[in-house]
Amino acid sequence: MAENEDGQEKSEDPTGRRIQKAREEGNIARSKELSTMAVLVGGAAALLIFGSILGKALLEVMHMALQLDRQTIFDPHQMGLKLLAAASDAGLATTPILVLLFVAAVAGTVAIGGAVFSSQALVPKFSRLNPLQGIKKMFSLNSIVELVKGFLKAGVVMAIALLILHHETGDLLSLANESVRPAMAHVLKILSWSFLWLSCSMILIALIDVPFQLFDYRKKLRMTKQEIKDEYKDTEGKPEVKSRIRRLQMEAAQRRMMQDVPKADVIITNPTHFAVALQYDQNTMVAPVVVAKGVDQTAMKIQEIAREHRIDILRTPSLTRAVYHNTDIGDAIPAGLYVAVAQVLAYLFQLRRFRRGQGPKPGMPDFPIPSDMRHD
């Protein structure tokens, strides 16, 4: 199994980030055999499709080039025009074949690795000039596979060539009895089909090479357990950094929460361990909303800010715990606590009237709390 420089086994499959980084560096899976097969098959198909058009065009070019009158021969300008016309006709005739070859070459190259452009791949790597590394590659698994593929390609192509030769023997011998023009057309047909079948023999090589290249590519990108841990730290952040970020986020959220305490209409407390700040606007709110809550030191801070802004603080231990455990900051009071919180607001209204001398002193009601919301 592959090892890194520290001697650790690369036993883990590459992560998505490792594969993406390799692509950015231009390191992707490629199969030379697939590219070769695509170009050869594409070229053979192009000759079969456009071969007759190319043959006629070249025949016309040859006919035009060999039929020259005396005036043209002794006029350099006319000879230049003849050459330009011949090149233009030949170029137009070969363009479809060249376009098909270009498409086949691109398709065969990007078929298994996709299209990638990386400037990092253009940077020269002087480590490749190391002779020791070169000798090591000569005896690597990849070199052995390339050697086997070379013998396999030669064997397959030779076998297909012998089969084609055996199959076309009769047609080849019959060429002696044909005139020049039909014989030439017959030869081109035999050569085109023979070239196509020889090219198709590369399909077998590509079917073997593509899975191996994909396997070898992932094998080279394998990682050690330590590399995966380091990557996770780089991606997600070190635990101590993440902990500090969470602490800063909590502190920022707490500061924002404390800024909302002056908006509250009443603070209900445990009285020392819990504190919840409630705000209610009957014109805009369906039910009272929790604008702040906290325990211990946060609860004491909420009460301190409430006293500074002369907000009423009511000791309702059971109700405070129920609201604290069943709501988040910014949430409306749950339906099960509507009656209890309504009694708090009614008590607060009567208490304020009593302070203004407009009514008797109210008594603290017994707030009804559903059993499933109690946290005694």
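The following dialogue goes through how several descriptions of this predicted model are reached.

Student: How confident is the predictor in the chain, and where is confidence lowest and highest?

Tutor: The mean pLDDT of the chain is 80, and 89% of its residues reach 70 or more. Confidence is lowest in helix α5, residues 131-138, at a mean of 65, and highest in strand β2, residues 274-279, at 89. Where pLDDT is low, the predicted coordinates should not be read in detail.

Student: What makes helices α2 and α4 roughly antiparallel?

Tutor: Helix α2 (residues 32-66) and helix α4 (residues 76-110) pack at an angle of about 170°, with their axes 8 Å apart. Angles over 145 degrees count as roughly antiparallel, and therefore α2 is described as roughly antiparallel to α4. The crossing of these two helices is right-handed, and their contact has, by class, 22 nonpolar, 6 polar and 2 charged residues.

Student: Why is the aromatic pair called edge-to-face?

Tutor: The structure holds 1 aromatic pair, formed by the rings of F274 and Y324, whose centres are 5.0 Å apart and whose planes stand at 70°. Rings pair if their centres lie within 6.5 Å, and planes over 60 degrees apart count as edge-to-face, so the rings of F274 and Y324 meet both conditions.

Student: Which elements does that pair link?

Tutor: F274 lies in strand β2 and Y324 in helix α11 (residues 317-326), so that the pair links distant parts of the chain, 50 residues apart.

Student: How do you know whether F274 and Y324 are buried or exposed?

Tutor: The relative accessible area is 15% for F274 and 19% for Y324. Buried means under 20%, and therefore F274 counts as buried, as does Y324.

Student: What makes R310 exposed, and where is R310 found?

Tutor: R310 has a relative accessibility of 80%, and exposed means over 50%, which means that R310 counts as exposed. R310 is found in the loop between α10 and β4 (312-315), and the phi of R310 is near 55°, a positive value in a residue other than glycine.

Technical notes
Residues are numbered from 1 along each chain as its sequence is written. This is a predicted model: local features need pLDDT of at least 70, side-chain atom pairs count only at pLDDT 80 or more; totals for chains, interfaces and linings use all residues. Side-chain values use heavy atoms; hydrogens and water are left out. Axes are lines fitted to C-alpha atoms, for helices over the stretch in contact, and angles run from 0 to 180 degrees between N-to-C directions. Helices (H or I, at least four residues) and strands (E, at least two) are DSSP runs, numbered from the N terminus. Angles under 35 degrees count as roughly parallel, over 145 as roughly antiparallel, 65 to 115 as roughly perpendicular and the rest as oblique. A crossing is left-handed if the near helix is turned anticlockwise from the far one by less than a right angle, and right-handed if clockwise. Ala, Val, Leu, Ile, Met, Phe, Trp, Tyr, Cys and Pro count as nonpolar, Asp, Glu, Lys and Arg as charged, and the others, Gly among them, as polar. pLDDT is the predictor's confidence in each residue, from 0 to 100. Rings of Phe, Tyr and Trp (its six-membered ring) pair if their centres lie within 6.5 Å; planes under 30 degrees apart count as stacked, over 60 as edge-to-face and the rest as tilted. Buried means under 20% relative accessible area, exposed over 50%, partly exposed in between (1.4 Å probe, protein chains only).
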